[in-house]
Amino acid sequence: MNNKITILSCAGLVATVLSSGALADLENQAMAHVFVDVDPNIAVMALTGNVDLGSVQIGSFDGNAIFRVDANEEAVMLGVATTHLYKGNDPFNNDVAPLPVDRLRGAVIDPANANPIEGASNVAQYGGAVVVDTSYGPMEGFRTNDITFESSQNGHFSQDVSVTVGWDQPDPEQVQGQYSGYIVLYSALVGNTGPL
């Protein structure tokens, strides 16, 4: 019996010491470790919303658009789509042929502070036909291959990108007037597995 009383007394004393130690401090604190992963991201916007291509009678001519690309990685993939130029910006007008993309010239992609990796050219070559969905309707054109560029900036790619493309006016009797279309710059991080 005495052993039971002794054990119970010791257990009560330990519980009293432990609980009084936890409550005896006038201040206390505890920490929880937290963490977050910063996801890779990239954004592109057109700095030149409207590009005046001047005038042409016959032959090839070119245009240049400036885009801004911002990414939190140094290497990015860039590619271009260029639409034909449609009279009155109307892709549904079948009466007047559009001015076609000059596919042989390719598209010159020229970032302010980056270079193509592995000695590649910065002239992207047109491949298959594409349809670009615009606010005026679907416009046909061509899409280039993608080129990987490495930024000279430390840990990011934040710079203007100049894109120069060409079109052709092959018909001396082409209906006069204003023709228009679009240059599209596609961008993706190098680790991206989806299509641009």
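Predicted model: local features only at pLDDT ≥ 70, side-chain atom pairs only at ≥ 80, totals over all residues.

Student: Which residues lie nearest the centre of the largest pocket?
Tutor: A pocket here is an open set of points on a 1 Å grid over the protein atoms alone, where a 1.4 Å probe fits and protein lies on both sides within 12 Å along at least five of seven lines, and lining residues have an atom within 4 Å of a point. By that rule 33 residues line the largest pocket. Those nearest its centre are V51, L53, L85, Y179 and S180.

Student: What is the volume of the largest pocket?
Tutor: Grid points are joined across faces, edges and corners, and the volume is the space filled by probe spheres set on the points. Strands contribute to the lining, with β2 (59–71), β11, β12 (179–180) and β13 (183–189) each supplying at least two residues. The volume comes to about 850 Å³.

Student: How many strands does the chain have?
Tutor: Helices (H or I, at least four residues) and strands (E, at least two) are taken as DSSP runs, numbered from the N terminus. Read along the sequence, the pattern is α-β-β-β-β-β-β-β-β-β-β-β-β-β. The chain therefore comes to one helix and 13 strands.

Student: Is T82 buried or exposed?
Tutor: T82 is found in strand β3 (residues 75–83), and it touches V101, Y126, G141, F142, V165, W167 and Y182, leaving out residues up to four places away in sequence and taking contact as heavy atoms within 4.5 Å. Buried means under 20% relative accessible area, exposed over 50% and partly exposed in between, with a 1.4 Å probe and protein chains only. Because T82 has 0% relative accessibility, it counts as buried.

Student: Which side chain does the side chain of T164 meet in a polar contact?
Tutor: T164 is found in strand β11 (residues 157–169) and, at 23% relative accessibility, counts as partly exposed. A polar contact is a pair of N or O atoms within 3.5 Å, where within protein one must be able to donate a hydrogen and the other to accept it, and residues adjacent in sequence count only if both atoms are side-chain atoms. At 2.8 Å, the partner is the side chain of N64.

Student: Where does N89 lie, given its positive phi?
Tutor: Most residues other than glycine have a negative phi. For N89, phi is near 55 degrees, a positive value in a residue other than glycine, and its relative accessible area of 13% makes N89 buried. N89 lies in the loop between β4 (86–87) and β5 (107–111).

Student: Is E118 buried or exposed?
Tutor: E118 also has a phi near 55 degrees, a positive value in a residue other than glycine. Its place is in the loop between β6 (114–116) and β7 (123–124). Since its relative accessibility is 80%, E118 counts as exposed.

Note on methods
Residues numbered from 1 in each chain as written. Heavy atoms only, no water.
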